[in-house]
Amino acid sequence: MTCDEFGRVLPELEGGHNLEQRAHLRVCPSCSELVAELEAISREARFLGLEDEGEPSPRVWNSIEIALRQEGLVREPLTTAVVPFPRNVGRRLTWLIPAFSALLLILGLLVYQNGGRRQLAESRASGVPAQPASVPSVDEQQLVELVATGTPSLRAEFESDLKAVDGYVRDAEESVRSHPNDEIAQQYLMNAYEQKAMVYEMALNRSVP
Amino acid sequence: MYRKQVVLVATVLVLGAVLASGQTRKELRYKVHRRATISIMNPYGPIFVKPNPNKEIVIIAILHSDKVEIDPNQRGSRIDVVSHLLAGADPDSGRVDYELLVPVDANVTLHSTTGPLHAERLRGDVIMEGNTANVDVRDLTEGHVHIRTLNGPVTLTNISDGHVEVTSVSGNVALKSVNGPFVQVSSTSGMISYDGDFGGGGEYSLMTHTGDILATAPSYASIEVVARSEQGKVENDFLLEPGHSSFVARAGSAFAGTINKAASSVKLLSFSGKIHLKKRQN
């Protein structure tokens, strides 16, 4: 199975993967990472009170998939020589902007729809300490390399900023999990994602020729 | 006669110094109509914008080497200028220093990785974006002000009737005498300081993840305030009347209430930084 074939069946993979799809995910890091990101979006949407309604409608996933195709993540198999890093990486990473924008749209709609009306059984947890820093994802590492290729002097600062916003996102996600009805916690989460989207956008604006 | 000779010699010396250093000075002039739009994309170097009483945009660019060129474009009253880096350019050789004179109602958009960026005494919309650029905006009225930096510090001074949005990841943001219908500042780890009236019956929102928030207001400020820090301390110098809201104030980490007639809405939110609503000593 190729990446293109996998991308065609991606919107239909709500029930799990067959043998051929699992084999492709084992050997293809980019498709595997895409599935992980989409599953993370699905998990986070659930924490905002979608438990009674289930997952977002297939139309939402289709819209995300269309955006990813337009940005070239799900693409035709290469028939010519591979374009050397970092130009290929730069174009590949531009999918992150619409993916984050789609995530922000989903979260914004859920916050607007649910507001303070839902009552959940979870009790308020005591203050949650910040999560320790985690290892940056493959895409984030490639984004750092892309920034460093264009402007080496900015590498350290960009890495530091990316680490800071990742910490913000983690803390905000944890806060919403603990207090799903808390409007201020929801505002923190929206703000954290906006900050992260801004970091990606400004890095790619400076790096992609 | 003697003075003219001195001026001539000085001019020749200055031009000689510029040419010897490899720098090139370019001056561009454009006639424009009302609410002209000027956009500068300059990877390396400062951009200063000041008002011009005439209906004309004047652009003065100092190119620091032959490894950079500028590409200007005019379509009616829309002017775009891009500093185009050539092969082998770096932040020093690719630097261009811009000085702009624009009509007061012009809309200005500036992009620079290093900056600094400066705009003053304008009434149009101002958009600035810079990774590490030091951003300084002052004496603006009525327009929209949108600023984004990654770690460049931002200072806004004397902005009135403005719609202001500032986003910085780790740059400190300082607002002095900034009032308007909408003022929103968000930062991940930078500090936010506000010193003003919270006037105009507006909505003010200062939000950080780990940065501290220091808001200083006079005793006559008319605000409805909500302040909360999940893991940091909050301090309040005002005596607040309890407001009618579902907000639950927790001693030491949150407070909420109204001061005077509560004309403006103020939110001070930090995940783990300190928050202090300070009363200005007159």
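Where chain B meets chain A, the contact takes 22 residues from chain B and 20 residues from chain A, two residues being in contact if their C-beta atoms, placed from the backbone, lie within 7 Å. On the chain B side, the residues split into six nonpolar, twelve polar and four charged; here Ala, Val, Leu, Ile, Met, Phe, Trp, Tyr, Cys and Pro count as nonpolar, Asp, Glu, Lys and Arg as charged, and the others, Gly among them, as polar.

This is a predicted model, so to speak of local features takes a pLDDT of at least 70, side-chain atom pairs count only at pLDDT 80 or more, and totals for chains, interfaces and linings use all residues. Residues are numbered from 1 along each chain as its sequence is written, with chains lettered from A and ligands numbered from 1 in the order in which they are written.

As for domains, an automatic or database assignment gives chain B domain 1 (23-112) and domain 2 (134-282). Their centres, taken over C-alpha atoms, sit 33 Å apart.

Of the 282 residues in chain B, 44% are buried, meaning 20 or more other C-beta atoms within 10 Å of their own. Leaving out residues up to four places away in sequence, V126(B) touches V108(B), A119(B), V137(B), L140(B), G143(B) and V145(B).

Methods: Buried ≥ 20, exposed ≤ 12 C-beta atoms within 10 Å, placed from the backbone.
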